[in-house]
Amino acid sequence: MKKIIYPALVAVVISLSAFAYFVSDWKVKGDASVKFTSSRINGSFEGLKADIQFDKNQPEQGKISATIDASSIGTGFFLKTSHAKDALGTDKYPTIKFVSTSVAKDGSGYVAKGNLTMKGATRPASIHFTFDEKGNEGTFKGEFKVVPKDYGIDRNGTPDLVTISLVVPVAKS
C-alpha cells in the first residue's frame, strides 16, 4: 500500500505546483522620481527603496513595500526645504514608509491599497499606478493624494492637500 500512496502523493504535489503562479520580484533600478505638488509647496524626495512583487496577469498576488528618507526632501529653496524638514519631523521620524495590504486591477491600471506612515502616524492610502514592462525591466508610474494634517503635519503654511507622483524604473531581481 505504501508503494502506491507515496508516488500518488508526489504526483498530486507536482500537478498542483504546475498551477502555482509565481509573481516577479522587482527592484528599483536607478533613480526613482518622487515628486510632490500642492498649492503652497512643490518638490521631491530622493533615494526610494522598494521591494515589489508584481505580475500584470495576477495583480492580486502583488506586494509592495517602499521607504524613503524623509530628510531627502527638496523644494529648490533652502528656507522652504528647512521648514518642510521641520514639519515632517525628520530628526525624530527619518523614514516615510508604504506597505501594501492589497493590489488589484483598476480600470486600465492598478491600485495598491495599504498603510502609509509619516511622522509616526499610519493611515490607509491608495496608490493608483500603471506598469510598463519590457522584458526584464519596467516602469511603475503612480499618483496618490495625502492630507498632511492626517499625519500630524500641521505647521503654519502646510497645504491642505499634497499630490505625490511616482516614476519608478525597475528590473527583475
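User: In what order do the elements of the chain run from the N terminus on?

Analyst: In this predicted model, the elements run α-β-β-β-β-β-α-β-β-β-β-β from the N terminus on, and the secondary structure comes to two helices and ten strands.

User: Why is Phe 36 called buried?

Analyst: The word buried is kept for residues under 20% relative accessible area, and Phe 36 has a relative accessibility of 6%, so Phe 36 counts as buried. This residue lies in strand E2, which covers residues 33-37.

User: What does Phe 36 touch, if residues up to four places away in sequence are not counted?

Analyst: Contact requires heavy atoms within 4.5 Å, and the residues that Phe 36 touches in this way include Ile 41, Phe 45, Ile 73, Val 162 and Ile 164. The C-alpha atoms of Phe 36 and Ser 165 are separated by 6.2 Å, although the two residues are 129 residues apart along the chain. For the chain in general, among contacts between residues at least 6 apart in sequence, 56% join residues at least 24 apart.

User: What makes the buried residues of H2 line one face of the helix?

Analyst: The buried residues of helix H2, which runs over residues 78-88, are Thr 81, Ala 84, Ala 87 and Leu 88. Seen down the axis of H2, these residues fall within an arc of 125 degrees, so they line one face of the helix. What covers them includes strand E3, residues 43-45. Just after H2, Gly 89 takes a positive phi of about 65 degrees.

User: How much of the chain counts as buried, and how much accessible surface does the chain have?

Analyst: Of the 173 residues of the chain, 35% count as buried. The accessible surface comes to about 10,600 Å², and 55% of that surface belongs to carbon and sulfur atoms.

Key. Residues numbered from 1 in each chain as written. Predicted model: local features only at pLDDT ≥ 70, side-chain atom pairs only at ≥ 80, totals over all residues. Heavy atoms only, no water. Buried < 20%, exposed > 50% of the residue type's maximum accessible area, 1.4 Å probe, protein only. Helix = DSSP H or I, 4+ residues; strand = E, 2+ residues; numbered from the N terminus. Arc of directions from axis to C-beta. Areas by Shrake-Rupley, 256 points an atom, 1.4 Å probe, with all protein chains shown as cover.
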